[in-house]
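My entries follow the model shown here.

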Amino acid sequence: MNGKGKVEVTDICKTYRKDDMNVTSLSHVYLSVEEGRFVSIIGPSGCGKSTLFNIMAGLLLPTSGEVTADGKSIIGRAGYVGYMLQKDMLLPWRTIEDNIILGLEIRGVPKKEALARALPMMEKYGLKGFEKHHPEELSGGMRQRAALLRTLLYDRDIILLDEPFGALDAQTRLSMQNWLLEIWQDFGKTVLFVTHDIDEAIYLSDDIYVFSARPGSVRARITVPIPRPRTTEDMTSPKFMELKHELIGLLYDKNSGVQQSSREERRMRA
Amino acid sequence: MTNAGEKLCPAPDTVISKGEVRKKPETGKAVSIPARRILYDEETEKKVRRRHIRAGRLIVGAVLFGGWELLVRAGLLDSYYWSCPSAILKTTWQQLTTGTLWGDILYTSGATILGFLTGTFFGALLGLSFWWSKSYAGISEPYLIILNALPKLALGPVLVILFGIGFPSKVILAFLMTVITTALYAYSGVKSVDPAMETLMYSLGAKRRQVFAKVVVPWSLPWIISSLRVNIALALAGAIVGEFIASEHGVGRMVIYAGTILDINLVWVGVFVLSILSMVMYGGVVLLEKFLSKHLSNIHS
Ligand SMILES: Nc1ncnc2c1ncn2[C@@H]1O[C@H](COP(=O)(O)OP(=O)(O)OP(=O)(O)O)[C@@H](O)[C@H]1O
Ligand SMILES: [Mg+2]
């Protein structure tokens, strides 16, 4: 660990304005992530998880609030964190290897050097033989792996992953999860991870943030008490089940979230 | 007003880079691959069809030209106005061996190609430049559309007065014929760039000029390439009209000259030569397209 990668999100609010309609997507969000931790965010669809990531990645300005990394503000500073977007965007006219080294290329790393770094990783993580192929020739899972490799190869202390395994089948998903844990342990990066899969969140994370429905805010922060290294057996342990039960309760307990959101919206429109 | 350019320039049908499925901007539907028939051996079927097509084309050509020749010989068509294929071929041969036809062909194709290349290049630059500023694009768009609708050939006499009766005025007319169309094509490409791709680039810390070079240009290239076929015909029309107005050389001048001395046979020779010329240049553009499409995936930075 290099002692870098601490992230603080302080009192972030985001209201989208469109044709005189206000949509509040985040309301007073606080996160505090120590360096090197693996943190998951779960919450109902539309609660602003991608919005929060876009703000943290410097692609979107918040209405109010602050995001700092290692004490410095990173609002509006694109490229400071590694970010895998929810949509696995590979440039269709580039081969897989050229897609994977895109981030390095943008940073000005010579192509030869970038490829020398990328090829061993492609080999290790199941993209061997597809270096010269174009994205449309790959399966969905392979495309996501390529997008994830591109994010990792971009080599930042903080990595945001927005549902990276959303389109994968259960089996591939499990191997990708183990792979991600391996990488995380090897590189000691701070990872923020959005998922809809509660099992996945528990299995991977140190901490889990549960968001309320729109406008999103942190409803609970839960530390996973299962020691590492974790195995698939842990997924059926009583501790795991207990935690899952608690998280389901938090997620599907509709009382405050929904009402609050509609009230808020009425107020914003007025 | 904003999508008028798009209407003028439909999305290209040419699909660039191996098997890439690109969404058409208007429909938003992916290009679908037709279902295969497995009953037949596809290779042989294709070969047989290709042979049929080639034979069919030859037959149609033979019937057209043979019919023309026969009708003239039988006296059903007036040979003074209609000439006939054999006479046209003979005069063409004479003009090539003893006349100035070779020089004229070089002159016309030179003006066409120069106008085509410069027009396409600067048009593409102009269209791509609209990516940099929405207000600049917004201000320019109506003027671009007006310029596109303007019959530029009508400007011919002015151009000849401005630039003289020599080679430059022909090149400029060919240039004017192509530059605005290409700009509109390139601009529709620019407008259709997937915003998610731009977001991706920015998330990787890209500067605007990097987004331009690595996303906007390669994305718009198929649009620009699809303007090539239209452009070559437009450029040729520009060069010929330039020669019609005033010129000392060129196939267009030869046709006008032949008309004034009522040498109808020579007019037909001009038409014949110009059709060959336009077919050859069209073939060249198709090859250029193939070349560009093939090397598109190798474009970096
Ligand atoms: N550009 C935008 N303009 C207006 N509203 C937007 C925009 N982007 C997102 N929103 C709204 O903000 C809310 C949060 O969107 P966001 O994409 O962040 O949700 P999410 O939690 O990532 O959902 P999912 O789990 O489905 O990916 C949604 O209600 C959405 O309609
Ligand atoms: Mg999302």
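Entry 1. I sorted the shell around ligand 1 by class and found 2 nonpolar, 8 polar and 4 charged residues. Here Ala, Val, Leu, Ile, Met, Phe, Trp, Tyr, Cys and Pro count as nonpolar, Asp, Glu, Lys and Arg as charged, and the others, Gly among them, as polar.

Entry 2. I noted the conventions: this is a predicted model, in which local features need pLDDT of at least 70 and side-chain atom pairs count only at pLDDT 80 or more, while totals for chains, interfaces and linings use all residues. Residues are numbered from 1 along each chain as its sequence is written, chains are lettered from A and ligands numbered from 1 in the order in which they are written, and side-chain values use heavy atoms, without hydrogens and water.

Entry 3. I looked up side-chain N or O atoms beside oxygen atoms of ligand 1: A:Gln86 has one at 2.9 Å, and A:His196 has one at 3.1 Å.

Entry 4. I found that H1(A) gives the shell its largest share, 3 residues. This helix (a DSSP run of H or I, at least four residues) spans residues 49-56 of chain A, and 7 of its 8 residues are buried (under 20% relative accessible area, 1.4 Å probe, protein chains only). Among the buried ones I list A:Lys49, A:Thr51 and A:Phe53.

Entry 5. I checked confidence: chain B averages a pLDDT (the predictor's confidence in each residue, from 0 to 100) of 85. The complex receives an ipTM of 0.85 and a pTM of 0.79 from the predictor.

Technical notes: Buried < 20%, exposed > 50% of the residue type's maximum accessible area, 1.4 Å probe, protein only. Helix = DSSP H or I, 4+ residues; strand = E, 2+ residues; numbered from the N terminus. Polar contact = N/O pair within 3.5 Å; in protein donor to acceptor, adjacent residues only side chain to side chain.
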